[in-house]
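Hi,

Here is the structure I promised to send over. Have a look, and then read on for what turned up.

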Amino acid sequence: MEPLLAILVGAMTAAAIYLMLDRNLLRFLFGLILISNAANLTIFAAGRLTPGKPPLVPEGADAPLSLVANALPQALVLTAIVIGFGLFAFALVLALRAYEALGTLDTTEMRLAEPREDRDAP
Amino acid sequence: MSWILALPLLIPFVTAIAVFLLSNSPKMSARVSLAGSLAGLVAALFLFAEVASTGVVAGQMGGWPAPFGITLVADMLSAIMVVITAITAVAVALYALGEIGAEQSRLGYHALFQVLIGGVSGAFLTGDLFNLYVWFEVMLISSFGLLILGGRPEQIDGAVKYVALNLVSTILFLSGIGLLYGETGTLNMADLSRVVAEHPDQGMMTLIALLFMIAFGVKSAVFPLFFWLPASYHTPGFAVSAVFAGLLTKVGVYSLIRAFTLIFVSQPEVTHTILLWVAGFTMVTGVLGAAAQSEFRRILSFHIVSQIGYMVLGLALFTPLALVGSVFYLVHHIIVKANLFLISGISQRMTGSGELYRIGGLYAAAPLLAALFLIPAFSLAGFPPLSGFWAKYVLVKASLDADAWIIAGVALLVGLLTIYSMTKIWAEAFWKDDPSGRIPKAPQDGPPLWPCYAAVVFLAVLTICVGLVPGPFLAFAETAATQLLSSDAYINAVLGAQE
Amino acid sequence: MKSIILIAGTRLLVALLLVFSVYMLWRGHNEPGGGFIGGLIGATGFVLYAIACGTQATREALRIRPEIIAMVGLGLSLGAGLIAGLFGDDFLTGQWLFIGGSKEEGGFPLSTVLMFDVGVYGVVMGSVLAIVLALEEEEED
């Protein structure tokens, strides 16, 4: 199971980096979302995979009765997903605003805050 | 014990809620924000006194023992950083009285600002890598909001670069956390300090360390990862960029210091050598970048980069004296840099522009502002007896002691070039006459200017105090450096606190 | 976009989703569920309503600005942590109150843990709705 996940993470990262090298801001963001999911999968796999044994405490007991899956990475991944959700929601709105304000999604054309020197020359 | 640690976090969040519910009344929310910042300062000073008298303080939230629970821990470095954060918060909240209008207040400036301060304090106090990530994100989300507040096109443009590069760093940080957890099974920093040192595969640990180095490197804007900073810091309002300039990159530097003194110290010949090169290049590229700029805040932004190099230099040399220099530099830099950004704000209010070639005549029109500019500017350049002199003196002496002649030379040369940039601002904005012949004057409408001056004077007085009486501050920095180099106190405070 | 089918279906579904979200919040105490997932489900209900009937109607149905829901939720969560201080415990330590008898006698348990979860519910629902409504309104302009 772990090798499979490792290959999946590798493939996702490769695809994400390909997307992130694009000048188009939207494709960059899609790459970022993909790579963040690759990172989440890394954490998930790092906690070792224990299929079929959810970390649930049965009624009346104080601790799980047998060996169960590691719950901590799941909690970490959940937190990371939530945070990622907030960040990417913001980033997408920002991309929309950028398109409205600057008229382009090409990052090389976004020079409003850092104007090229030659444009200022008379 | 844990309450004294939790208060510097709780106060900003409670203030944020109060301010948000008051956001329809700009005057009230600005005042509540200032009051909350003052309360935060008091709490921070209490924490500092506790740490100074009893050593490292650690506490577990929710009563769960370390390394399982949420650990808050304050050693001398954390305590110093929390106090300086609170001081910056007070200064900027005061300044905001004179800058933030009804519209920005309604959009939530004060609430976002308080959340940002809470996030920064949390990052300084947490004892857990994953919580550090969470606090980074709290900081990041609120800084995004502050950055685009008002929504001018330049702001959006700057924010795109800021958001994109910081998100990349976030993901690297998260991957590093995943790999480290997979290898060691813990994320508590005190626990990691033991486990990483004993780990059989040191090569893997160094690899993970490099992942963290890049992630924190983006946050602290070191060479070659700093491009987002000068692209965005000059675009938002002044009360926003001052707090960014003072605090945000320093959280990155703090994380670097924490990670590479407490956790990843087993192969310093790899990690700290890289840091040394990074420090040298950061100093030089930053200061050269500043020399090429002609906008007030862009010059200052590039100087942040160059100054980050000094702080990383102290960490890279990894001797007691060098770490003292780093800690002292952090403190000095936050005060001075926030102050310079605030001054650039007053200057823009009076002249109407930040482009140095279009403005002038400030010396004649506002001699007080000119004098107030000289204090942090000279301090930044390292003139005795101001705070920057002592910071640079300690660092250069530490590099000479470590026989690092070249880097000492670089540090001195960069100091010289810093003077060039400060002279440029002085000559263009203050000394020469305005090219269009108008006399700088603050517009009559809009919020009053006195809170801005009060904030600047407050920080300038601090700079002078640190400069004239460096003894106690150096002593605190020395305690911090000692605690950083022998991490036993830190580990015992966290893991021994479980009984 | 006005669709009779969607509007008619929404009426049923929104109520169902909201009830289900509260059930999830409640259930999360001892079983899978909790404030986070409950808040998401609750937000889904209002988002569906916004798609069917428009954002203006949704804001009226909410009565309170979603940002305020989020902030009050944050306040509740922080407050739940602060209550521990009254009893001399660490920040965020759970405090229990048993109404009508002790734990063994089967008293009705109330805890700051639940209060914390309700706060999380508010934060999640409020912030998700704030983002979604802002985006929807952007489109309508």
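Below are some notes on an interface, a tryptophan and the cores.

This is a predicted model, where local features need pLDDT of at least 70 and side-chain atom pairs count only at pLDDT 80 or more, while totals for chains, interfaces and linings use all residues. Residues are numbered from 1 along each chain as written, chains are lettered from A and ligands numbered from 1 in the order written, and side-chain values use heavy atoms, leaving out hydrogens and water.

First, chains B and A. In chain B, 35 residues are in contact with 36 of chain A (contact: heavy atoms within 4.5 Å). About 2,800 Å² is buried between them, 79% of it from carbon and sulfur atoms (accessible area, 1.4 Å probe, lost on being put together, summed over both parts). Salt bridges there number zero (side-chain nitrogen of Lys or Arg within 4 Å of a carboxyl oxygen of Asp or Glu).

Next, B:W228. With 2% relative accessibility, B:W228 counts as buried (under 20% relative accessible area, 1.4 Å probe, protein chains only). A polar atom of the B:W228 side chain lies 2.9 Å from the backbone oxygen of B:V218, and that side chain also reaches the backbone oxygen of B:L225 at 3.4 Å. C-alpha to C-alpha, B:W228 and B:V218 are 8.6 Å apart, at ten residues' separation in sequence.

Finally, the largest nonpolar core has 227 residues, and B:F264 is among those touching the most other members (core: buried Ala, Val, Leu, Ile, Met, Phe, Trp, Tyr and Cys joined through side-chain atoms within 4.5 Å). Apart from it lies another core of 14 residues, including C:Y121 and C:L133.

Cheers

Methods
Buried < 20%, exposed > 50% of the residue type's maximum accessible area, 1.4 Å probe, protein only. Polar contact = N/O pair within 3.5 Å; in protein donor to acceptor, adjacent residues only side chain to side chain. Buried area = accessible area lost by both parts, 1.4 Å probe.
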